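Subject: Structure handover

Hello,

The structure we spoke about is below, and my notes follow it. Please read them with the structure open.

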Amino acid sequence: MNASNKLLLEIKDLSVALGYPGERNRVIDNINLVIAPGEKVALVGESGSGKSVTALSVLGLHEKALSEYETGQIYYQGEDLLQADEHIFRQYRGREIAMIFQEPMTSL
């Protein structure tokens, strides 16, 4: 894939389990999402459907001891975020990747 065709964000078959080891519950089950450069996307759904867990996964903000990425990949501009260290996330958070919480008047 050349640079002009590179996807902005790609989530492939992501499954996330949260909780203490041995007591984890799968809260995201094989989600797929593709966002191309210039696209505007809103992630909507019922309360408890996984919107925030998905966004927190992209931002790498889950408590490491209480979360497990059972399957899948998250790529931001071709970079595998599930393999990225905290230094990489600090480069992206707030500048290139951000989350607007459910109360937009407070967030904006």
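A polar contact here is a pair of N or O atoms within 3.5 Å, where one atom must be able to donate a hydrogen and the other to accept it. By that rule the side chains of S57 and H62 are joined by a polar contact of 3.0 Å. Please keep in mind that this is a predicted model.

Overall layout

The chain holds three helices and four strands. Read from the N terminus, the order of elements is β-β-α-β-β-α-α. The chain has 108 residues, of which 25% count as buried. Among contacts in the chain with a separation of 6 or more, 58% are between residues 24 or more positions apart.

S57 sits in helix 1. Is S57 buried or exposed? Buried means under 20% relative accessible area, and S57 counts as buried because its relative accessibility is 1%. Besides the contact with the side chain of H62, a polar atom of the S57 side chain lies 2.8 Å from the backbone oxygen of V53. Not counting residues up to four places away in sequence, S57 touches L14, V16, H62, Y69 and I74.

T54 is also placed in helix 1. With a relative accessible area of 3%, T54 is buried. Its contacts, leaving aside neighbours within four places in sequence, are I11, I28, I31 and L43.

The nonpolar core

The largest nonpolar core has 18 residues, and L9, I11, V58, I74, L81, Y92 and I97 have the most contacts inside it. At least two residues of this core come from each of strand 1, strand 2, helix 1, strand 3 (67-76) and helix 2 (86-92). Which element gives the most to this core? That is strand 1, with four residues.

I11 can be followed in more detail. Not counting residues up to four places away in sequence, I11 touches I31, N32, L33, T54, V58, Q73 and I74.

D13 in strand 1

D13 is found in strand 1. Not counting residues up to four places away in sequence, D13 touches N30, I31, N32, T71 and G72. D13 and D29 are 16 residues apart in sequence, and their C-alpha atoms are 7.7 Å apart in space.

The largest pocket

How much space lies in the largest pocket? The figure is about 790 Å³. The pocket is lined by 24 residues, and the closest to its centre are V41, L43, A55, A98 and M99. L43 is also one of the residues in contact with T54.

Strand 1 (9-18), strand 2 (25-35) and helix 1 (51-59) each supply at least two residues of the lining of the largest pocket. Helix 1 gives the most to that lining, with six residues. By class, the lining of the largest pocket has 18 nonpolar residues, three polar residues and three charged residues.

Regards

Definitions and conventions
Residues numbered from 1 in each chain as written. Predicted model: local features only at pLDDT ≥ 70, side-chain atom pairs only at ≥ 80, totals over all residues. Heavy atoms only, no water. 1 Å grid on protein atoms, 1.4 Å probe; cavity = no way out; pocket = protein on both sides within 12 Å on 5 of 7 lines; lining within 4 Å. Points joined across faces, edges and corners; volume = space filled by probe spheres on them. Nonpolar A, V, L, I, M, F, W, Y, C, P; charged D, E, K, R; others polar. Core = buried A, V, L, I, M, F, W, Y, C linked by side-chain atoms within 4.5 Å. Buried < 20%, exposed > 50% of the residue type's maximum accessible area, 1.4 Å probe, protein only. Contact = heavy atoms within 4.5 Å.
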